[in-house]
Amino acid sequence: QGLNFIAALLLVVFQNEEQAFWTLVCAFDALGVEGYYTDRMLLLRADMQVLQAFMKLKCPKVAKELLRLNVDLMSICSEWFITWFAKSLPISTVLRVWDTLFFEGFKIFFRVSMGIFKQIEQQVMACQSFDTVMERAKAWPRCMVQHNELLKASFQGLPYLKRQALLKAR
């Protein structure tokens with residue numbers, strides 16, 4: 001579902017199958033995201049609801065516009081979470097995101113998602129329909145080549161996200 005993209009990028013980075021495999025195993029265990037890859041994807045669905053709630057607080061214009069256009073975050077962001085952004089962001093950006101992901105944990109999924117939306121706010125606001133959002137949504141993160149700017153948007157102006165608060169919200 002998404003682990004293949006993660007495994008492929010780890011193979012590129014490590015150029016050693018065993019190192020890539022054990023890195024994936026350790027990261028998977030440390031992040032606690034096994035529920036993203038189960039039959040009903042219950043943890044992924046819960047995290048999309050948590051993201052929606054945080055979007056209302058931290059990116060209210062985008063959240064309100066997506067709601068107005070009947071766009072469910074699951075249709076845009078689920079790929080980001082299950083591939084750890086490996087399929088959606090440029091590789092150099094993914095590697096910077098992974099640095100923070102492996103250091104700070106699963107809460108980075110939420111921070112980076114909100115950072116992407118903060119950076120594309122004007123583009124989202126320019127969309128006039130559900131169809132337009134869905135057509136453009138895949139391209140938005142692929143334009144995040146300035147990884148430092150994305151990380152600034154993900155951390156600045158977004159007060160500290162506590163792991164406990166996210167776990168409780170799940």
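**Exercise 1. Which residue forms a salt bridge with aspartate 47, and how far apart are the closest N and O atoms?**

Keep in mind as you work that this is a predicted model.

*Solution.* 
- Step 1: Start at aspartate 47. Its salt-bridge partner is arginine 170, and the closest N and O atoms are 2.7 Å apart.
- Step 2: Check the surroundings. Aspartate 47 counts as buried because its relative accessibility is 0%. Arginine 170 is partly exposed, at 27%.
- Step 3: Look at what else arginine 170 does. It lies over the face of phenylalanine 106, at 4.1 Å from the ring centre.

**Exercise 2. Find the salt bridge between glutamate 79 and lysine 138, then work out which network the two residues belong to.**

*Solution.* 
- Step 1: The closest N and O atoms of glutamate 79 and lysine 138 are 2.9 Å apart.
- Step 2: Glutamate 79 sits in helix 5, and lysine 138 in the loop between helix 9 (130-137) and helix 10 (139-142), 59 residues apart.
- Step 3: Glutamate 79 is buried, with a relative accessible area of 13%, whereas lysine 138 is partly exposed at 43%.
- Step 4: A network of salt bridges links Glu79, Lys87 and Lys138.

**Exercise 3. Classify the ring pair of tryptophan 84 and phenylalanine 102, then that of phenylalanine 85 and phenylalanine 109.**

*Solution.* 
- Step 1: Searching the whole structure gives 14 aromatic pairs.
- Step 2: For tryptophan 84 and phenylalanine 102, the ring centres are 6.3 Å apart and the planes are at 80°, so the pair is edge-to-face.
- Step 3: Tryptophan 84 is buried, at 0% relative accessibility, but phenylalanine 102 is partly exposed, at 40%.
- Step 4: Phenylalanine 85 and phenylalanine 109 have centres 6.3 Å apart as well, with 40° between the planes, and their pair is tilted.
- Step 5: Phenylalanine 85 and phenylalanine 109 are both buried. They also belong to one aromatic cluster, whose members include Tyr36, Trp80 and Phe106.

**Exercise 4. Which residues of helix 4 are buried, and which are exposed on its other side?**

*Solution.* 
- Step 1: The buried residues are Val62, Ala63, Glu65 and Leu66.
- Step 2: Look down the axis of helix 4. These buried residues fall within an arc of 165°, so they line one face of the helix.
- Step 3: On the other side of helix 4, the exposed residues are Lys61, Lys64 and Leu67.

**Exercise 5. Which residues make the nonpolar surface patch of about 320 Å²?**

*Solution.* 
- Step 1: The patch is made by Val13, Phe14, Ile91 and Leu95.
- Step 2: Helix 1 (3-14) and helix 6 each supply at least two of its residues.
- Step 3: Take isoleucine 91, found in helix 6. Its relative accessible area is 51%, so isoleucine 91 is exposed.

Definitions and conventions: Residues are numbered from 1 along each chain as its sequence is written. This is a predicted model: local features need pLDDT of at least 70, side-chain atom pairs count only at pLDDT 80 or more; totals for chains, interfaces and linings use all residues. Side-chain values use heavy atoms; hydrogens and water are left out. Rings of Phe, Tyr and Trp (its six-membered ring) pair if their centres lie within 6.5 Å; planes under 30 degrees apart count as stacked, over 60 as edge-to-face and the rest as tilted. Buried means under 20% relative accessible area, exposed over 50%, partly exposed in between (1.4 Å probe, protein chains only). A charge sits over a ring if NZ of Lys or CZ of Arg is within 6 Å of the ring centre and within 35 degrees of the ring normal. Patches are made of residues with over 30% relative accessible area and no salt bridge: like charges are joined within 9 Å, nonpolar side chains (Val, Leu, Ile, Met, Phe, Trp, Tyr) within 5 Å. Accessible areas come from the Shrake-Rupley method with a 1.4 Å probe; for residues, only the protein chains shown count as cover. A salt bridge is a side-chain nitrogen of Lys or Arg within 4 Å of a carboxyl oxygen of Asp or Glu. Helices (H or I, at least four residues) and strands (E, at least two) are DSSP runs, numbered from the N terminus. The arc is that of the directions from the helix axis to the C-beta atoms.
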